[in-house]
Amino acid sequence: MKKEEVLKIELSDNFIIKTSNSEYTSKVVILATGNKKNKPKISGIEKFEGKGVSYCAICDGFFYRNKSVAVLGNGNYAISETNDLINIAKDVTILTNGKTAPELRADNVNIDTKEINKFHGENKLEHIEFKDGSKLNIDGVFIAQGVAGSSDFAKKLGALTKNDKIIVNENMETTIKGLYACGDCTGGLLQISKAVYEGTIAGLQAVQYIKLGGKI
Ligand SMILES: Cc1cc2nc3c(=O)[nH]c(=O)nc-3n(C[C@H](O)[C@H](O)[C@H](O)COP(=O)(O)OP(=O)(O)OC[C@H]3O[C@@H](n4cnc5c(N)ncnc54)[C@H](O)[C@@H]3O)c2cc1C
């Protein structure tokens with residue numbers, strides 16, 4: 001048992017799980033991080049989703065090569081997303097929206113702690129307006145508030161999701177071999193009994209998967 005915040009999961013021959021203070025390699029991952037509900041309540045966010053607002057630096061970062069981007073958040077997850085963008089974008093501004101600034105210093109990273117009022121643009125995001133009336137021209141904003149959730153991990157690994165819920169089969173297997181999901185993150189009834197049932201299936205299937213050398 002490790003009590004650590006998972007920042008990132010990558011897939012090569014095995015899964016590589018990066019946490020706030022360590023890194024683990026594994027043949028199987030079961031996603032069970034619940035139902036993330038920390039989309040910031042900022043006017044304009046939903047309007048610009050896919051048009052300047054993204055939830056995945058590794059998936060969408062390359063659209064912003066040599067452009068100015070922002071990361072909205074102030075925790076370890078926001079720092080992890082910023083680190084993925086540093087080498088792609090021209091510059092990255094961490095927007096804490098009134099919260100404490102994170103400990104991160106890098107040449108092309110700025111930190112702005114002002115509270116945000118609204119996202120603006122015609123057909124795509126163009127600038128952010130702060131509550132003090134000031135503006136920041138920006139090409140893209142990556143939302144990384146709080147901790148990374150199951151669907152963030154699933155999407156970054158290429159597993160299918162629908163309405164932010166992870167798609168699984170009757171064995172709790174996602175569309176990626178060796179990647180399972182259970183509980184609130186798979187949608188349906190948001191109840192403990194359902195989470196425990198799915199967790200049991202995922203656990204048993206994961207053991208079977210390893211015993212058979214990843215051949216089921
Ligand atoms: C106020 C409230 C009352 C409820 N009452 C009931 C009830 O009476 N009966 C009932 O059956 N259900 C109830 N539920 C629903 C029930 O709590 C959930 O269905 C159940 O807890 C889902 O289990 P889960 O394991 O999928 O997720 P969770 O219980 O949400 O567990 C997810 C865990 O993952 C951790 N986590 C998330 N992200 C990361 C990360 N990046 N790195 C590391 N760890 C991470 C979280 O800290 C958390 O410990 C209630 C829910 C709420 C919010």
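I began with strand β3 (residues 23–26) and looked up what faces it in β2, where I found isoleucine 16 opposite threonine 25 of β3. The model is a predicted one, in which local features need pLDDT of at least 70 and side-chain atom pairs count only at pLDDT 80 or more, while totals for chains, interfaces and linings use all residues. Residues are numbered from 1 along each chain as its sequence is written.

**Sheet**

I took helices (H or I, at least four residues) and strands (E, at least two) as DSSP runs numbered from the N terminus, and I let two strands pair if DSSP finds at least two bridges between them. On that basis β2 and β3 run antiparallel and are joined by four bridges, with a hairpin of three residues leading from β2 to β3. I then turned to β1 and strand β2 (residues 15–19), which pair in the antiparallel sense over five bridges and form a hairpin with three residues between them. For the opposite positions I noted valine 6 against threonine 19 in β2, and isoleucine 9 against isoleucine 17 in β2.

I wrote the whole down as an open sheet of three strands in the order β1-β2-β3, with antiparallel pairing. Because β1 and β3 stand at the edges with a single partner strand each, one side of each is left without a neighbour in the sheet. The twist from one strand to the next averages 20°, with axes as lines fitted to C-alpha atoms (for helices over the stretch in contact) and angles running from 0 to 180 degrees between N-to-C directions.

**Helix α3**

I next asked which residues of helix α3 (residues 150–157) are buried, counting a residue as buried if 20 or more other C-beta atoms, placed from the backbone, lie within 10 Å of its own, as exposed if 12 or fewer do, and as partly exposed in between. They are Ser150, Ser151, Asp152, Phe153 and Ala154. Their cover includes β1 (6–11), β4 (29–31), β13 (161–162), β14 (165–166) and β15 (179–181), contact meaning C-beta atoms, placed from the backbone, within 7 Å. After α3 I found glycine 158 with a positive phi, near 95°.

Asparagine 97, although not a glycine, has a positive phi of about 55°, and I located asparagine 97 in the loop between β7 (91–95) and β8 (109–112). Aspartate 164, in the loop between β13 and β14, has a positive phi near 70°.

**Ligand**

I found 16 residues around the ligand, of which Thr33, Gly34, Gly183, Ile192 and Ala195 come nearest, a residue being near if its C-beta atom, placed from the backbone, lies within 6 Å. Helix α4 (residues 192–211) gives the largest share of this shell, three residues. By class I recorded eight nonpolar, six polar and two charged residues, where Ala, Val, Leu, Ile, Met, Phe, Trp, Tyr, Cys and Pro count as nonpolar, Asp, Glu, Lys and Arg as charged, and the others, Gly among them, as polar.

**Domains**

The domain assignment, whose bounds come from an automatic or database source, gives domain 1 (25–36 + 147–211) and domain 2 (53–143). Their centres, taken over C-alpha atoms, are separated by 29 Å. I noted five residues of domain 1 in contact with six residues of domain 2, and the side of domain 1 that touches domain 2 has two nonpolar, no polar and three charged residues.

Terms used. Contact = placed C-beta atoms within 7 Å.
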